Amino acid sequence: MKGLFWLLAVFAAAIALALSGRFDAGYVLFVIPPWRVEVSLLLFLGGLLVAFLVLYALLGLARRVLAIPVAVRGYRDRRRRDAAHRALSEAMQAMFEGRYARASKEALRAHEAGASPGLAALIAARAAHQLRNFEQRDHWLEAAGKAGEAMRAARSVTRAELALEERDFATARDALRSLHDAGPKHIATLRMLLRAERGVGNWEEVARLAGQLAKRDSISPAVSEEYRVQAQVALLEQDAVDRKAFEQRWRGIPAREQTHPRVAEAAARLAGTLGLVALAREALERALAAEWNTGLVARYGDLPGLEPAARVAEARARIERAEKWLRDRPADAALLGSLGRLCAHAELWGKAQSYFEASLGYEESAAAHLELARLAERLGRQDDAQVHFRRAAELH
């Protein structure tokens, strides 16, 4: 289309010159001593136009000739780029297909060709990790670090993921923390950080991250609750070396989590070993008021580490509360067994035997037979004790 336009323009100019020549008798005189050249104006203008066109064509030809080396270099660069991007694409495909040796080879080609060298280095690092070539993996991670600030986040996440696969939780945590300290916190990396903190036993961070992710609907409420329960139990165990620290930890747990059966059971067990019998009783009673649990009922009958006088007083206080529960649950074998143990602690031997026998009437268990055997031994009834010991052994 452009060529047609120029052709029409030339024809129009020629016609204009021809028409103007009919009405104009002008001429052009060139004086170059000792010569004089005289030509008509029309011929001069025509020659000037032809000279311009010839010069324009020669300049265009020269420009094209001079551009040939640049075009060749551009062509070669395009071929190299295409080959590099093809190698990067093949490396990614091989990685997804599980062909890690090929992925490593193609990533090396892409890196050497300069096609996204940071990305190619990360692919090579992942492939080397899967091939268990950890020295090569670390080399490629270092190479990815030299690709610039744009690859910093991707490199940190890759390092953390590979460390988590090897259960190197400390390395994963350090990589993710450095990433979060320098930028926004993303859901994917928060999940990874939760796993890393759980692996190193940083339970306060586990509880905080689990709650944070649950608020953002990033993990299910059930998973969040499980992590928080694990964290609270672990923190209670950590502080079970000092009565004051343990009590402060217990009071700092949210009320809803205090009534979780596993948290309440751990609190009661650890408080009992520390001599905090009132706290142990409170933890169990609040949890049972929120949700009836046979494991907690069984724990309610245990009184470890108390002096005889204190054990009797505590047992009587618990018997009074447990007998109120029994009015609503007269057929609960676990509750009857706990009442039997409490009566034994309170030295109410007859009531203890009655409760154990009632528990066996609803559900036969080795634990109840063992309690009756011990009670019979204490009362000097060796034949009855042997009967219950044998039955307990049969039920195990």
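Which residue's side chain meets that of E106 in a salt bridge? The partner is R109, with N and O 3.0 Å apart. Please keep in mind as you read on that this is a predicted model.

Both residues belong to helix α3, which covers residues 100-113, and they sit three residues apart, about one turn of the helix. Their surroundings are worth a look too. E106 has a relative accessibility of 2% and counts as buried, because the cut-off for that class is under 20%. R109, at 40%, is partly exposed.

## Salt bridges between helices

Side chains of opposite charge can pair when their charged atoms come close. With a cut-off of 4 Å between nitrogen and carboxyl oxygen, the count for this model comes to 31 salt bridges. Two of the pairs described here reach across the sequence.

Take E237 and R269 to begin with: their closest N and O atoms are 3.7 Å apart, and they form a salt bridge. This pair links distant parts of the chain, with E237 in helix α10 and R269 in helix α13 (residues 261-274), 32 residues apart. E237 is partly exposed at 42% relative accessibility, and R269 is partly exposed as well, at 28%.

Helix α13 also holds E265, whose partner R299 lies in helix α15 (residues 294-300), 34 residues away. The side chains of E265 and R299 meet in a salt bridge with an N to O distance of 2.6 Å. Relative accessibility is 22% for E265, which counts as partly exposed, and 21% for R299, which is also partly exposed.

Helices α16 (residues 308-328) and α17 (residues 333-345) have axes that come within 8 Å and cross at roughly 155°. An angle over 145 degrees counts as roughly antiparallel, so α16 is roughly antiparallel to α17. The crossing of α16 and α17 is left-handed.

Further along, the axes of helix α19 (residues 366-378) and helix α20 (residues 382-395) come within 8 Å and cross at roughly 160°. That makes α19 roughly antiparallel to α20. Here, too, the crossing is left-handed.

## Backbone angles in two loops

Two loop residues deserve a glance if you like to check torsions. D217 is not a glycine, yet its phi is positive, at about 55°. It is placed in the loop between α9 (203-215) and α10 (221-238).

## A surface patch and a contact in space

Which residues form a nonpolar patch on the surface? They are L49, F52, L53 and Y56, and together they have about 410 Å² of accessible area. L49 belongs to helix α2, residues 41-97, and is partly exposed with a relative accessible area of 30%.

Finally, look at G199 in helix α8 (residues 187-200). This glycine is partly exposed, at 36% relative accessible area. G199 and D168 are 31 residues apart in sequence, while their C-alpha atoms are 8.4 Å apart in space.

Note on methods
Residues numbered from 1 in each chain as written. Predicted model: local features only at pLDDT ≥ 70, side-chain atom pairs only at ≥ 80, totals over all residues. Heavy atoms only, no water. Patch = residues over 30% accessible without salt bridge, like charges linked within 9 Å, V, L, I, M, F, W, Y side chains within 5 Å. Areas by Shrake-Rupley, 256 points an atom, 1.4 Å probe, with all protein chains shown as cover. Helix = DSSP H or I, 4+ residues; strand = E, 2+ residues; numbered from the N terminus. Buried < 20%, exposed > 50% of the residue type's maximum accessible area, 1.4 Å probe, protein only. Axes fitted to C-alpha atoms, helices over the stretch in contact; angles between N-to-C directions. Parallel < 35°, antiparallel > 145°, perpendicular 65-115°, else oblique. Left-handed = near helix turned anticlockwise from the far one by under 90°.
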